[in-house]
Amino acid sequence: MARGKQRLKVSVQRAGDWPGLPRKSQVRTWARAAAHAASGGQITVRFVDDAEGRRLNRDYRARDYATNVLSFPYQQQPLLSGDLVLCAPVVAREATAQGQSLEAHYAHLIVHGMLHLQGHDHEVGGQEAREMEDHERRVLAALGYPDPYRDDE
């Protein structure tokens, strides 16, 4: 680690015990790999059930369903601060439906959420969406995971 550079602290919370949840060390590795713009900070990654995921999505995004990952950025500079919330049952259903490993899907969603915490936004579309997806691909490839946007059909 470079002198003067702080390490990103990553806390992991589990609101339940679902099969296939990643180990804390995996979560930390994935989050830190995606923290390209961060010079330290504090992130909390929380795994929740459908009910909590739905409530958070409804209350903070006005969308009344459980989604795979929610990002709550608090600060980007000088230190990164925010929360990621992953709905474990949704992630598991998506991984199965998409024919990918649960581990690879969790890695992708944590990288994706971390980029949101750093100000990336694919929902605006166009060039910014392509840049965010390209960044996700690079981080995931460096971690040894396949391209989550590949079209195998």
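1. Two strands are said to pair if DSSP finds at least two bridges between them. With that in mind, Gln42 stands opposite Ser81 in strand 4. Strand 2 (41–48) and strand 4 (80–87) run in the parallel sense and are joined over eight bridges.

2. The model is predicted. Its chain holds five helices and four strands. Read from the N terminus, the elements follow the order β-α-β-α-β-β-α-α-α.

3. The four strands make up an open sheet in the order 1-2-4-3, with mixed pairing. Strand 1 and strand 3 (69–75) are the edge strands, each pairing on one side only. From one strand to the next, the twist averages 15°.

4. Two helices that pack on this sheet may be described together. Helix 1 touches strand 1 and strand 2, and its direction makes about 135° with that of strand 1. Helix 3 touches strand 2 and strand 4, and its direction makes about 65° with that of strand 4.

5. Helix 3 also deserves attention for its buried residues, which are Ala88, Pro89, Val90, Val91 and Ala95. The cover over the buried residues of helix 3 includes strand 2, helix 2 (50–61), strand 4 and helix 4. After helix 3 comes Gly99, whose phi is positive, near 70°.

6. Which residues touch the most other members of the largest nonpolar core? They are Val45, Phe47, Leu86, Tyr106, Ile110 and Met114, in a core of 32 residues. Elements giving two or more residues to this core include strand 1 (8–14), helix 1 (24–34), helix 4 (102–117) and helix 5 (126–143). Helix 4 gives the most, with nine residues.

7. Leaving aside residues up to four places away in sequence, Leu86 touches Val45, Arg46, Phe47, Val48, Asn68, Val69, Val91, Tyr106, Leu109 and Ile110.

8. Along its principal axes, the C-alpha trace spans about 45 × 35 × 30 Å. Of the 153 residues, 42% count as buried. Among contacts with a separation of 6 or more, 63% are between residues 24 or more positions apart. The chain exposes about 8300 Å², of which carbon and sulfur atoms supply 46%.

Conventions: Residues are numbered from 1 along each chain as its sequence is written. This is a predicted model: local features need pLDDT of at least 70, side-chain atom pairs count only at pLDDT 80 or more; totals for chains, interfaces and linings use all residues. Side-chain values use heavy atoms; hydrogens and water are left out. A nonpolar core is a set of buried Ala, Val, Leu, Ile, Met, Phe, Trp, Tyr and Cys residues joined through side-chain atoms within 4.5 Å. Buried means under 20% relative accessible area, exposed over 50%, partly exposed in between (1.4 Å probe, protein chains only). Contact means heavy atoms within 4.5 Å. Axes are lines fitted to C-alpha atoms, for helices over the stretch in contact, and angles run from 0 to 180 degrees between N-to-C directions. Accessible areas come from the Shrake-Rupley method with a 1.4 Å probe; for residues, only the protein chains shown count as cover.
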